[in-house]
Amino acid sequence: MGPVTRCLGDNIPPAQAFQTPLPKVDANSAAPDFIAIREAIQEIIEGDASNRAAFIDVAYKCGSTFRETDYQGGCNGAFIRSDDSVSDAIETLTSVKDDFPEASLADIIVLAGQVALEDAGGNAMAFCGGRTDADDISGRDHIKPVIYDSRLSAAEKAKDAMSILGLTTRQGVALAGLPSGTDELDNSYFIELMEAYDAKNDPVTTVLDNSFFEGIIGTKRTSLFASAGLELLNDDEFRSIVSLYAANEDEFLSELASAWTYLMNADRFDGPRGNVCSGINTPTLASEPETKTASVESSSIMKSSVLASLMIALGVLIL
């Protein structure tokens, strides 16, 4: 069923606790100045480059709580505040909210992730504001993580995890290329993956274990490959997508922008099938007018295309 925002009609029952009801946007309050907020976020990134990865991480973890299977989770409500692993980023972004109290922390988190990803070299993306913050961040304690049967392969687990998020395999693999640290965003991650796979399967190579592979990507934030070995790349579908992104950086960047935008807006329901962010681009740059754009679609339409980055968020749950 999901949040009450998925319901239609005049006889909608009161929101139940399992729907984690959120405060409504105050129509009488001043609209947030997302242009100024973006500038403040950009200044923080320029002041300390490590904030770029931190902002991407907190926004990704926030969005990746979404579950298409029951329409629970997502960034709206800023429930990510209960996650101690991103407490430093939350503290930094809370200082931005202090300067812009009319904006929700949920909107600031999503915008910070987008600004950081674009700053790293990602394609420009549409932003959709209007989120609110939950009064009780324990409201999602009832949402339990998936625990997979140990007999399933790594590829089966990864594909199921992507399906739960509503991501296609192409989108999930693209999210695996999110940058870490102060790295710039490019397709080198996928190039290195294919090099590692080829070396692993070269009959004359002296590499007999994962040490070569781990040496290449061991410092990446999307380190599931290092723990799962090369099993994921042994899957034909995964390997073909990684090969595509390794050969075509534009394809990777385009799919990443699509996946990121979907994940940030997946929980912005407008009835059972609609999405309030469909066609919306809230200006965040002084030269950017508010427009209708095809960059943001409803969740049912956007699924036209996380491997490591998705699974690292769920990795502690994989048996």
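The structure is a predicted model, so a few ground rules apply: local features need pLDDT of at least 70, side-chain atom pairs count only at pLDDT 80 or more, and totals for chains, interfaces and linings use all residues. Numbering starts from 1 along each chain as its sequence is written, and side-chain values use heavy atoms, with hydrogens and water left out.

On the secondary structure side, the chain has 13 helices and two strands; these are DSSP runs numbered from the N terminus, with helices being H or I over at least four residues and strands being E over at least two. Of the 319 residues, 50% are buried. Here buried means under 20% relative accessible area, exposed means over 50%, and partly exposed is anything in between (1.4 Å probe, protein chains only).

Now to the charged pairs. Side chains of opposite charge can pair when their charged atoms come close. With a salt bridge taken as a side-chain nitrogen of Lys or Arg within 4 Å of a carboxyl oxygen of Asp or Glu, the chain has 12 salt bridges. One of them joins arginine 38 to glutamate 118, with 2.6 Å between the closest N and O atoms. Arginine 38 sits in helix H1 (residues 34-47) and glutamate 118 in helix H4 (residues 105-119), so this pair ties together parts that are 80 residues apart in sequence. Both ends are tucked away: arginine 38 is buried at 10% relative accessible area, and glutamate 118 is buried too, at 16%.

Another pair is glutamate 251 with arginine 170, whose closest N and O atoms are 2.5 Å apart. This one also links distant parts of the chain, with glutamate 251 in helix H11 (residues 249-265) and arginine 170 in helix H6 (residues 169-175), 81 residues apart. Glutamate 251 is partly exposed at 28%, and arginine 170 is partly exposed at 24%.

A local case is arginine 239 with aspartate 236, at 2.8 Å between the closest N and O atoms. Both lie in helix H10 (residues 236-247), three residues apart, or about one turn of the helix. Aspartate 236 is exposed, at 54% relative accessibility.
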